[in-house]
Structures are given as C-alpha cells and as structure tokens.
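Welcome, and please open your viewer. We will walk through a few stops together, selecting residues as we go.

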Amino acid sequence: MPTRAEATRIFGQDVKDAKIPLVLEEVAHSESEENHAVEVILQVGSEHELGYEGIGILELIGQIAYNSAYNQLRTKEQLGYIVSCFTRKTAGSAVGLSVIVQSSTTKPIELEERVEAWLETFRQELADMSPNDLANEAAAIVAQLLERNMKLGDEIATAWGSVVSTSTQGSFYSKPAFDRHRLLADVLTVEGVITEDEESCVEKKPIKSASNLKKEVLKMFDNHIAASSDKRRAIVVRVYSKKAEDDYKHNIGRAGYLSSFEDVRQVKQFLSVWPTAPYWLKTKE
C-alpha cells in the first residue's frame, strides 16, 4: 500500500491531505442487504523484515486494540453489531492491523471517521497504560504461545504445520522452525513476570524491562498506525448497501478511489514489492 507521499505521486494533490489516500469501494450484491461495512487496513511492513521482534509487538498491540475497539465503537457508540480489530496478514506476507465495523444505520464514510477517532483515543490509552499493565497483557500472549499440547494429535498438528510451512521455501531454507512459538514468546517476556513455561526458555530469552516494551509499542504505533505519520500505509474498504448505491457511483473516477478491478490493476503497477519470506525463516549468515 502507498504512503501519502507515494499516493500523491500516483493520484495528484487531491489526496495529499487524506488520512487514508486509498479507498476501495463496492456495493453489496443482495438487493435486501441493509448493512454497510468498512475495513481499515494499516500495513506495518513485511513480516520477514519485522522479524520476531516486530511480529511480537504487533500482536501485543492487536490484543489490546481488540477490547478497546469493541468497547468504544460497539458498546459506547453502538455503531453496529459487528466490531473487531485484529492483526492481519495480506498478500505478499505484509502484516498490519485491521479494524472492521458493520452497521445498518451508519454509512461507510462516517464509520471510517469513527475508526480514525478511535485510533486517536487508543493511542492515548496506550500512553496512559502503566508498564506493568502492558507487561501483563504481553504475559497473556506468552502463556498462549507456550501452552503445552495435551493430546498427541495436537502435538502432531503443531509439528506438521511447521514442516508443511517450509515446503515452498526452497532447499536452502527447508529446516522447520519448531521453536518459533518459543522465540516469539521470548520477545514479549518481560523482566519480573513469571511465565508458565519458565524452564524451557530461561536460558536464551532476551528479557526486557516493562518500560522498554512500552516504548517499542508506542514507537510502532506512531510510525505505522498513527494518522499523522508519514510512514503510514493504509487502505479503507467500503461496502455500501443497495440503498446507498448512489454514494458509490458518486465516487467512481475520483482520485484515490478504486471502484473496479481495472482501477486496482492500474494502481498496483506503481507499488513496490516486499520480501515474501516468513518472519521465522533463518537466513544464511
């Protein structure tokens, strides 16, 4: 996805001040569909370039964001029945944060505005969190990653998944990363917080302080998620109900709006490509 500066080179000055310069729009197929929906996708980077450290920090942000988005957009603002926020992997092994809202009463452009407003609130929530609270959130992810398989079938499924995932990586990188969950847990292991599997990772885990973990979380948010960042890469997908089809038609041909496969194809020819290798692949040194 393009940054604002890249989008401006593609579409011109009309998009230079847009928080999200790339908009993909569609109309619901069913005549009886009354719901609108938006998905705001915020790309953070290539998972291989982010590595274990970046993937771990993004997962932590995603876990905290889910509850925050649901509480604000669904419980308090009551925008719609479906509200979710989660980490997402897109084509080409790019990873980021995705926010989805579906509503029968609020049109996509307003849903998008509410998502952006929530992101500003969420940034403040992260800043206000104590390092210890953030460390406890990280510990919950570590516990999930290190949860032991209780059945033989689960053990086989976990191991076989690691084996199969190397099938497309070529002969140089065919060694399965059986330890990737442990290594990912190491990234989020904070000094002074006891994990359930202390014995398996105490020797090699790069313990960090809770305050350093918080700095890394805020740094990733400010660089890649905040609307004010020049590095932000974002796209919003808007789906209109049939009753709002005129809104969709009004935007066809506008700068930054993608209304057909041809529009998407034309934009893709301007975009760069990131490495597609997974984060756990160990390169030759």
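Start by selecting Tyr52 and Tyr279: both are buried, meaning under 20% relative accessible area, where over 50% is exposed and anything in between is partly exposed (1.4 Å probe, protein chains only). Their rings form an edge-to-face aromatic pair, with 5.2 Å centre to centre and 90° between the planes. For ring pairs of Phe, Tyr and Trp (its six-membered ring), the centres must lie within 6.5 Å; planes under 30 degrees apart count as stacked, over 60 as edge-to-face and the rest as tilted. Tyr52 sits in helix H2 (residues 47–76) and Tyr279 in the segment after helix H10 (261–268), so this pair ties together parts that are 227 residues apart in sequence. Helices (H or I, at least four residues) and strands (E, at least two) are DSSP runs, numbered from the N terminus.

Before you move on, a word about what is on screen. This is a predicted model, in which local features need pLDDT of at least 70 and side-chain atom pairs count only at pLDDT 80 or more, while totals for chains, interfaces and linings use all residues. Residues are numbered from 1 along each chain as its sequence is written, and side-chain values use heavy atoms, leaving out hydrogens and water.

Next, select Tyr66 and Tyr70, a stacked pair with 6.4 Å centre to centre and 25° between the planes. They are four residues apart in helix H2, so about one helical turn separates them. Tyr66 is partly exposed, at 35% relative accessible area, and Tyr70 is partly exposed too, at 32%.

For another group of rings, select Trp118, Phe122 and Phe221, which ring pairs link into a cluster.

Now go to Lys208, in the loop between helix H7 (198–201) and helix H8 (210–225). Is Lys208 buried or exposed? It is buried, with a relative accessible area of 10%. Show its side chain and look for two polar contacts (N or O atoms within 3.5 Å; within protein, one able to donate a hydrogen and the other to accept it, with residues adjacent in sequence counting only if both atoms are side-chain atoms). One joins Lys208 to the side chain of Glu53 at 2.6 Å, and another reaches the side chain of Glu216 at 3.0 Å.

Finish at strand S3 (residues 82–90) and strand S4 (residues 94–103), which pair in the antiparallel sense over nine bridges; pairing takes at least two DSSP bridges. Select Lys89 and you will find Val95 of S4 opposite. The two strands form a hairpin with three residues between them, and Gly92 in the turn has a positive phi of about 85°.
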